Amino acid sequence: PLVTGEPRIRFYAGMPLVAPEGHAVGTLCVIDRVPRQLTDDQRAALQVLARQVVNQLLLRRRVERLEIEARDQETFRVLFEHSSDAHLIFDGSGIVACN
């Protein structure tokens with residue numbers, strides 16, 4: 001229906017978005033109403049863009065994990081500092097923190 005009706009697609013190119021583990025996580029697609037052929041340079045550029053999209057997705061996931069970790073650490077800090085019980089944190093060289 002997208003070819004015979006609106007928007008009357010006449011060109012489609014897709015490049016898989018592949019995570020470092022080898023899993024396909026989606027497709028980067030280019031569509032147009034004008035028929036065309038990709039050149040080798042355009043095909044290579046589409047591959048580069050697909051890798052950049054995957055890198056952005058991975059970066060976004062890492063930022064989200066760091067934000068969650070920071071919130072968890074802040075929650076622990078508040079609970080630790082406001083606890084009515086005595087708490088000590090040790091490492092190999094002695095006391096690191098106490099409330």
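Which residue of β2 is the bridge partner of Ala13? In this predicted model, the partner is Val30. Residues are numbered from 1 along each chain as its sequence is written, and, because the model is predicted, local features need pLDDT of at least 70, side-chain atom pairs count only at pLDDT 80 or more, and totals for chains, interfaces and linings use all residues. Side-chain values use heavy atoms, with hydrogens and water left out.

Ala13 belongs to strand β1, residues 11-18. Strands (E, at least two residues) and helices (H or I, at least four) are DSSP runs, numbered from the N terminus. Strand β1 is joined by eight bridges to β2, residues 24-32, and the two run antiparallel; strands are said to pair if DSSP finds at least two bridges between them. Five residues lie between the strands of this hairpin, and in it Gly22 takes a positive phi near 100 degrees.

Leaving aside neighbours within four places in sequence, Leu17 is in contact (heavy atoms within 4.5 Å) with residues including His23, Ala50 and Val54.

Helix α1 comprises residues 40-82. Its 43 residues should span 63 Å at 1.5 Å a residue, and the end C-alpha atoms are 63 Å apart, which agrees; the expected span is 1.5 Å times one less than the number of residues. The buried residues of α1 are Leu46, Ala50, Val54 and Phe80, and they pack against β1, β2, β3 (88-91) and β4 (94-98). Leu79, also in α1, counts as exposed because its relative accessibility is 58%. Leu79 lies 29 residues from Ala50 in sequence and 44 Å away in space, C-alpha to C-alpha.

Strands β3 and β4 form a hairpin with two residues between them. Four bridges join these antiparallel strands, and Phe90 stands opposite Ile95 in β4. Of the five residues of β4, the number buried is zero, so β4 lies largely in the open.

Definitions and conventions. Buried means under 20% relative accessible area, exposed over 50%, partly exposed in between (1.4 Å probe, protein chains only).
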